[in-house]
Structures are given as C-alpha cells and as structure tokens.
Amino acid sequence: MAELPKNDVADLALAQQGRTRIEWADRSMPVLRQIRDRFALERPFEGAKIAACMHVTTETANLMRALAAGGAELALCASNPLSTQDDTAAALVTEYGIPTFARNGVDRDGYYAHINAALDGAPHYVFDDGCDLVNTLHTTRTELLAGIRGGCEETTTGVIRLRQMTKDGALRFPMVAVNDTDTKHMFDNRYGTGQSTLDAIFRATNTLLAGKTVVVAGYGYCGRGVSSRAKGMGANVVVTEIDPTKALDAAMDGFRVLPMIEAAAIGDVFITVTGNRDVLRREHFEAMKDGAIFANSGHFDIEIDIVALSDLAVSGPRRVRHQTDEYVLADGRRLLLLAEGRLVNLGAAEGHPAAVMDMSFADQALTAEWLTKNWQSLTPGVHDVPTEIDKEVARLKLATMGLAIDVLTPAQEAYLNSWEHGS
Ligand SMILES: NC(=O)c1ccc[n+]([C@@H]2O[C@H](COP(=O)([O-])OP(=O)(O)OC[C@H]3O[C@@H](n4cnc5c(N)ncnc54)[C@H](O)[C@@H]3O)[C@@H](O)[C@H]2O)c1
C-alpha cells in the first residue's frame, strides 16, 4: 500500500463515505470540473506548493482535486474548528493523497497546530478563509514570508482584516480578494448563506418559521439572503443595521427595521451576519422571550457575546439537541444558542450547497492560476480578481445551466461607447 501523506484527521476509516459525498458534490460543480479537466492537461501549478486554510467540506475537497490535477503540491487545514467534515478529511488523505490537518471540534491550540502543520511545507501560495493563516504567517511563522508569492482570500471578514493589514503596512505579499468578485459574493454570500443558515437552524431545532419573528442583524449580502428566505417561509422578518443606506434598503425591501434592543423583545429566532462583534449582548438577552433561538452566520464566534450569556444564565450550557445549547435565566426563561456561536451553517449543517460553491471555487482556481503567471508584477496588498475571470465564471455557469443571453449588436456596442447621441 502506498505511504499516506502527512495528516492529522479523526478517523481514516471514514474515507470511503467521504469519497462518496465528495463525488456527490462534484455532480453539482460542473464549472470546477471543467477547470479540473483543463488543469490536468495544462498543469499550471507544476512545482508550486499551496497551503490552504478553508472549511474542510466536500466542496473544498473538489477545489483541492482541481489544484492537485494542475500539479500543485498541497496542504490543507481547517478555517473553523466546527466546520470540518471528518469523512471528507479522511478521504482527502487516503483517496486523493492530499495532506490534511483537520478534526471536527479541535480546541484553539489544535486549530493553530493544524495551521502550522499546513505551513510546514513552506508554501509559495496560500488560500485563506478569514485570514487566520495569513495572520499566523505574519506573527509566528515570519521565516516563511520570503518564500510566499501570493494568495487568495475567500470571505468578507478576511478581506477586511487584509485591508487593515495593508493600511498598517503589515501585509508582506499580494492577496487577491476572491470574496469581492460578483460571482462569489452575489451568490455564495446571498443564496448560499441564505439557504444554508436556515437549513442549519432547522437541523438543529426543527423549528417552524411560519408565523415566527426572525430578527436578522446585518443587511449585507448574507443578511439579504437570510432575510428573503426567512420571509419566503412565512416569517415576519425584522432587520437591524448600523448603516443608514443598508437599513433603507431593508425597509424598501419590505422588512421592519428596528434597533436590536427593541427587536430583542419580540424575536423568536435571531441570526447575526454582520462580521462585527457583540451584536447580541447582555442587555438583549435580558429582554428576550422564553425559547428564543440565536445563531451566528458571520465569520467569527464573536457576534453573540457568549461570555455575557454564560454570566447571565443560572445554568447551562446544556446540550438539548444537535448543536443546540440551552441557557436558563434566573426567572426560568430558556435561551437557545446554536453551534456554540460559530458559523451555524457549517457547524450545524453542511455549509453552502455545492452548486453555489461551484462558482466561488471556480473563482479561486482561476485566480490561483492567474497568480502563478502574475505574482511578480503585484505589490504587497489586496488586489481585485481580474474582471475577465469573474465574467468567465458567470459565462461557464450559465452554459452549464443551459441558459443563453443576448449579444450586443455592432450598433449597440458603438452606442454604448459613444457620448454624442442625446435626446
Ligand atoms: N456563513 C457563511 O458561510 C458565510 C458566507 C459568506 C460570508 N460570511 C461572513 O458573513 C459576514 C457578513 O458578510 P457579508 O458579505 O454579508 O458582509 P457585508 O459587509 O455585505 O454586510 C455586513 C452588514 O452588517 C452590518 N453591520 C455591521 N455591524 C452591525 C451591527 N452591530 N448591527 C447590525 N448590523 C451591523 C453592516 O452595516 C453591513 O451592512 C462576514 O463575517 C463574512 O465573512 C459567512
């Protein structure tokens, strides 16, 4: 039997089950599959080492397969302690020969040990989801910085952290903001988070949304997706915001807009998707109804102040269902926190449907290929994905959906490129 690549996964015996699920996801990822087939012929990553810190899910496994087909030497670790699918991690090691460092439920030390293990191979390129790997490189693994050519960031929170690093003059290599492509955030953040967040709440609690009041904190791309899907299931949706334009947008989309302190008293289900901290805190818990459920779908587990919740509660956390912890207040009210306040859609469900990750990871794969050709001309800092890649992914996705669009006539093209023609 061939020697297994380096790894730290929970149970290699789960590999066959993982492979079956990875192949199932692959069926809904036709764009990434086409890219994988081309990469296998052209081998754009020959000689390149890539370290990726991403949610270890079936969809990510298919991204890793595409990069491996292109000749990359890979190492994968998890970008969240609760999102790892242990069967996927096992399959990556034994079925696809990809070094993987991820176990569901690791503690903080284990999480960073895995990031360090993925970095031990001295990568040329990095893929990050939330900026923890890039942060580790700049704080405790600085000896590796000189060898890094560039990388890609997957999510809003990671891009915000990278922009801060750039502002402080700290970022030492180019990072491409894959999150900011239209084909990523308009679909993954909106339709992906919209569907998978509610999926997770149902799996955890089996609650009925119809007729309930759902409070969504944050009306960005994720918040819009969550709000419209909750409305579609018959919930009365209340939006909280700190940005006046986003709040107006929510109001004109037909949602009630309230400050959280007022929403806290009427909500049945609370969902945070802000990328900010302490969005639900002590004063809000104190106002909530018995049985209130709260879930976070923003990147880090700081949107719900769990320390304040623990301080306020007289008992709990007590696990009452899958990823559902009950906290009891002094007057007997029971508050229910899902997935320990971490990304609920990955902790209590399977993350986004593969069909939407098809686009996000096609963006990642094509951007990584572009980086291998262009890294030398990029300065340290945050860079946009070239528009051609964004449009190409949209074109490929439309084609796989059997959809065609119109083409500009020469007269239309000339008109759009002129200024002389008025009323
Ligand atoms: N669950 C997932 O799988 C998933 C997928 C994509 C993105 N994300 C994460 O979700 C978060 C939101 O992403 P996005 O793309 O929607 O970002 P966004 O910037 O488009 O939206 C965030 C919104 O939250 C608002 N906000 C900030 N602080 C607030 C507060 N205290 N109260 C109410 N609203 C507040 C902002 O004004 C903004 O409108 C990020 O952390 C991102 O990384 C998660």
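A salt bridge is a side-chain nitrogen of Lys or Arg within 4 Å of a carboxyl oxygen of Asp or Glu. By this rule the count here comes to 30 salt bridges. The structure is a predicted model, in which local features need pLDDT of at least 70 and side-chain atom pairs count only at pLDDT 80 or more, while totals for chains, interfaces and linings use all residues. Residues are numbered from 1 along each chain as its sequence is written, and side-chain values use heavy atoms, with hydrogens and water left out.

**Terms for the fold**

- Helices (H or I, at least four residues) and strands (E, at least two) are DSSP runs, numbered from the N terminus.
- Two strands pair if DSSP finds at least two bridges between them.
- Buried means under 20% relative accessible area, exposed means over 50%, and partly exposed lies in between (1.4 Å probe, protein chains only).

**The parallel sheet**

- Eight strands form an open sheet with parallel pairing. Their order is S1-S4-S3-S2-S5-S6-S7-S16.
- The edge strands are S1 (7-9) and S16 (381-383), and each pairs on one side only.
- Neighbouring strands of this sheet are turned by 20 degrees against each other on average, direction ignored. Axes are lines fitted to C-alpha atoms, for helices over the stretch in contact, and angles run from 0 to 180 degrees between N-to-C directions.
- Strand S2 (residues 49-54) pairs with strand S3 (residues 73-78) in the parallel sense, over six bridges.
- Lys49 has Glu73 in S3 as its bridge partner. Met54 stands opposite Ala78 in S3.
- S3 is mostly covered, with five of its six residues buried.
- Helix H7 (residues 156-167) lies across strand S6 (150-153), strand S7 (174-177) and S16. H7 runs at about 135 degrees to S16.

**The mixed sheet**

- Another eight strands form an open sheet, and here the pairing is mixed. The order is S10-S9-S8-S11-S12-S15-S14-S13.
- Strand S10 (256-257) and S13 are the edge strands, and each pairs on one side only.
- Strand S11 (residues 269-272) and strand S12 (residues 293-296) pair in the parallel sense over four bridges.
- Thr272 stands opposite Asn296 in S12.
- H8 packs on this sheet, touching S11, S12, S13, S14 and strand S15 (334-338). Contact means heavy atoms within 4.5 Å. The direction of H8 makes about 135 degrees with that of S11.

**Backbone details**

- A cis peptide bond joins Gly316 and Pro317, with omega at about 5 degrees. Pro317 is found in strand S13 (residues 315-321).
- Asn206 has a positive phi of about 55 degrees, although it is not a glycine. Asn206 sits in the loop between helix H8 (182-205) and strand S8 (213-217). At 59% relative accessibility, Asn206 counts as exposed.
- Gln323 also has a positive phi of about 55 degrees and is not a glycine. Its place is the loop between S13 and strand S14 (324-328). Gln323 is buried, with a relative accessible area of 11%.

**Salt bridges**

- Glu350 and Arg21 meet through their side chains in a salt bridge (3.1 Å, N to O). Glu350 lies in the loop between helix H14 (344-347) and helix H15 (354-374) and Arg21 in helix H1 (residues 15-27), so the pair ties together parts that are 329 residues apart in sequence.
- Glu350 is partly exposed at 36% relative accessibility. Arg21 is partly exposed too, with a relative accessible area of 24%.
- Arg21 and Glu350 belong to a network of salt bridges that links them with Asp87, Asp199 and Arg203.
- Glu326 and Arg318 form a salt bridge (3.3 Å, N to O). Glu326 is buried, with a relative accessible area of 13%.
- Glu392 forms a salt bridge with Arg395, and the closest N and O atoms are 3.4 Å apart. Both lie in helix H16 (residues 387-400), three residues apart, about one turn of the helix.
- At 31% relative accessibility, Glu392 counts as partly exposed.

**A surface patch**

- Leu408, Tyr415 and Leu416 form a nonpolar patch on the surface, with about 330 Å² of accessible area together.
- Patches are made of residues with over 30% relative accessible area and no salt bridge: like charges are joined within 9 Å, nonpolar side chains (Val, Leu, Ile, Met, Phe, Trp, Tyr) within 5 Å.
- Accessible areas come from the Shrake-Rupley method with a 1.4 Å probe; for residues, only the protein chains shown count as cover.
- Leu416 is found in helix H17 (residues 410-416). Leu416 counts as exposed, at 58% relative accessibility.
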